[in-house]
Amino acid sequence: MKNKILAISVLIVVGINPAIAERDQGPGLGIPVTDDLLKQWDTSIFPDGEGLPMGSGHVTDGEEIYNTQCVSCHAPGGIGSALGDQLAGAQMSLTSDFPEQTIGSYWPYATTLFDIIRRSMPMTAPGSLSDDEVYAVTAYLLYLNNLIDKDQVINQETLPDVKMPNENGFINIYETERIKE
Amino acid sequence: MNQPGQPFSLYGKPSKFEDDVVRFPTQNEVLPGNGVSWSPLHLLEGSITPNGLHFERHHNGVPQIDPAKHQLLIHGDVQQDLLFTMSDLARYPMQSKICFIECGGNSNAGWNSSPSRSEAGYFNGMASNSEWTGIPLSVLLNEAGLKTNAKWMIAEGADAFNMQMSIPIEKAMDDAFLAIYQNGEKIRPEQGYPLRLIVPGWEGVLNVKWLRRLKITNRPVMARNETSRYTELLPDGKARQFTFYMEAKSLITSPSANMLLKQPGLYQITGLAWSGRGKIKQVDVSADGGNSWAAAELQEPVLDKAFTRFRLPWQWNGKTTILKSRATDETGYVQPERTELVKKRGKHGFFHYNAITNWQIDEDGFVSQVYDKNEEQDSGDISIDSGWD
């Protein structure tokens with residue numbers, strides 16, 4: 001009985017103590033963000049082209065940049081090496097014993113290519129290419145995979161429209177399992 | 001000891017007699033910060049991985065980040081975009097969780113047609129287990145205020161790779177958190193100092209290190225590491241994508257590959273089991289190649305999405321035999337045999353290899369990995385060790 005009274009009085013004390021805050025609540029220290037900062041930080045690019053910057057590039061310029069900036073790891077013609085992914089030149093299909101997962105045979109979205117080059121490449125100096133240069137290298141790699149013609153200009157309008165052969169080659173396992181549940 | 005010992009130390013180190021207990025790096029020849037280093041699970045006991053031995057996977061090196069200059073941006077489909085400094089974050093409510101992190105590519109040598117010759121940790125040790133402490137992500141997301149169309153969260157790191165990964169918002173609001181501490185001390189640089197996203201039980205790559213940005217969106221960003229990589233090609237040419245959960249797995253850490261049992265007699269079989277879907281319910285061990293099984297003892301406490309140590313006494317009679325362990329988790333999922341896994345997934349998925357490992361003890365007591373006899377030795381072998389760029 002004594003314990004019960006004690007427990008009740010403890011509850012009351014906690015209940016009326018203004019110093020005890022709600023759990024899962026923060027002190028609200030987040031700082032509002034300026035548009036300039038957002039613009040500088042938000043580099044995500046989506047398959048529909050959202051996030052792609054201004055600028056453009058041609059296959060011929062891209063080839064030149066590729067052969068100075070990318071070739072040491074990804075090899076001439078994008079055939080890959082021990083240092084870098086195979087990007088083009090798939091001979092063996094995805095169902096063969098030696099499947100080759102290149103941009104042309106495997107990658108579902110062309111925008112991913114621009115995004116990874118701009119954010120991570122070249123590995124020795126990521127971020128060193130201008131947006132025009134990134135568009136140009138993207139164009140060259142799409143051309144190497146027979147996805148665009150040599151004179152096609154790649155920019156924020158044309159890149160999302162490049163038809164990727166394996167766009168429907170992926171099964172969203174997370175979504176599939178959720179529907180089952 | 002009849003002479004005075006060493007003086008005090010500012011930060012203790014292992015005994016000099018233990019200098020072989022180290023990680024094993026496999027890295028890009030030209031870019032040494034691009035690769036992995038394996039945790040020596042076969043040389044460790046208990047369930048917590050020491051901070052200096054936690055596995056590493058970096059895509060372009062370990063950045064040295066001054067926390068005074070590090071900020072976290074939360075933006076996108078929220079009521080209010082917000083920026084946080086590390087000193088502000090230190091005032092937020094924190095929680096601790098003991099959980100494993102496992103790279104999606106862990107144990108991928110298992111897809112090869114010949115069994116790996118490496119020590120247990122050096123092909124299964126892209127998994128480690130720590131007590132992580134930090135801020136529940138739901139606290140910060142609630143402060144920013146999710147809009148109704150918020151379905152995904154894109155997490156980005158501040159390393160030279162600028163890693164970004166898409167994560168469903170349900171998981172972000174459920175048990176994901178922003179870790180600042182690992183096993184009681186600030187996270188090590190190679191584990192994401194000063195801020196790491198922890199997504200318990202899900203693929204290692206989603207646990208973004210050096211976290212600097214969370215963008216809330218209605219769809220995934222389709223980054224390179226969720227399309228071209230970290231997807232699993234199936235025999236029919238389709239590929240599994242967004243395979244977030246790390247399914248139940250177990251591994252005998254002793255005896256294991258390249259160890260030598262000096263004579264017949266009593267040994268303790270010991271190992272680790274874990275599941276990204278919850279707690280380990282049972283680990284069965286076989287000492288006769290899978291003909292008979294016995295339930296191992298699970299070391300308490302058995303925790304959600306954490307390494308669970310199992311042990312079983314075993315009498316070795318000196319004859320050739322095969323040891324196996326098989327984990328079952330609380331959802332009822334049973335760790336598959338390799339034959340079963342390969343039948344379902346083929347051999348070109350690269351990621352999510354969680355099959356049962358066989359350790360063969362020969363008459364000299366030498367331990368090596370073998371595949372089941374009924375497994376076909378077929379073509380299509382690719383040397384998987386080279387795929388870490």
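Me: I'd like to start with burial in chain B. What percentage of its 389 residues are buried?

Reply: A residue counts as buried if 20 or more other C-beta atoms lie within 10 Å of its own. In this predicted model, buried residues make up 51% of the 389 residues in chain B. For chain A, the share is 35% of 181 residues.

Me: Next, overall shape. How does the radius of gyration of chain B stand against the globule rule?

Reply: The idea is to set the radius of gyration beside the value that the globule rule gives for a chain of that length. Start with what chain B holds: 5 helices and 24 strands. Its radius of gyration is 22 Å, close to the 21 Å from the rule for 389 residues, so chain B is as compact as a globular protein of that length. Along the principal axes, its C-alpha atoms fill a box of roughly 70 × 70 × 45 Å.

Me: And chain A: is it compact or spread out?

Reply: Chain A has 6 helices and 4 strands, which follow the order α-β-α-β-α-α-α-β-β-α from the N terminus. Its radius of gyration is 26 Å, well over the 16 Å that the rule gives for 181 residues, so chain A is more spread out than a compact globule. The C-alpha trace spans about 85 × 45 × 30 Å along its principal axes.

Me: How do I read contacts along the sequence, and what share in chain B join residues at least 24 apart?

Reply: Take the contacts between residues at least 6 apart in sequence, then ask what share joins residues at least 24 apart. In chain B that share is 71%, and in chain A it is 58%.

Me: Now the place where the chains touch. How many residues does each chain give to the contact?

Reply: Chain A gives 43 residues and chain B gives 56. On the chain A side, the elements giving two or more residues are β1 (31–32), α2 (35–41), α4 (110–120), β4 (170–172) and α6 (173–180). The largest share, 5 residues, comes from α4(A). By class, this side of chain A has 25 nonpolar, 12 polar and 6 charged residues.

Me: Which strand of chain B is joined to β1(A) by bridges?

Reply: That is β5 of chain B, residues 82–85; 2 bridges join the two strands, which run antiparallel. Here A:Pro32 stands opposite B:Leu82. B:Leu82 is also the bridge partner of B:Ile74. Strand β4 of chain B, residues 71–76, is joined to β5(B) by 4 bridges, again antiparallel.

Me: What is the order of strands in the sheet that includes β1(A)?

Reply: To read a sheet, follow the pairing from one strand to the next. This open sheet of 6 strands runs β1(A)-β5(B)-β4(B)-β13(B)-β8(B)-β9(B), with mixed pairing.

Me: Last, the nonpolar core. Which residues touch the most other members of the largest one?

Reply: A core is a set of buried nonpolar residues joined through C-beta atoms within 7 Å. The largest has 128 residues, and those touching the most other members are A:Val137, A:Ala139, A:Tyr140, A:Leu141, B:Met153 and B:Ala155. Helix α5 (residues 131–144) of chain A gives the largest share of this core, 10 residues. Leaving aside residues up to four places away in sequence, B:Met153 touches B:Ile167, B:Ile169, B:Ala172, B:Leu214 and B:Ile216. There is also a second, separate core of 6 residues, among them B:Trp111, B:Val342, B:Tyr353 and B:Ile356.

Technical notes. Residues numbered from 1 in each chain as written. Chains lettered and ligands numbered in written order. Predicted model: local features only at pLDDT ≥ 70, side-chain atom pairs only at ≥ 80, totals over all residues. Contact = placed C-beta atoms within 7 Å. Nonpolar A, V, L, I, M, F, W, Y, C, P; charged D, E, K, R; others polar. Pairing = 2+ DSSP bridges. Rg over C-alpha atoms; globule rule 2.2 N^0.38 Å. Buried ≥ 20, exposed ≤ 12 C-beta atoms within 10 Å, placed from the backbone.
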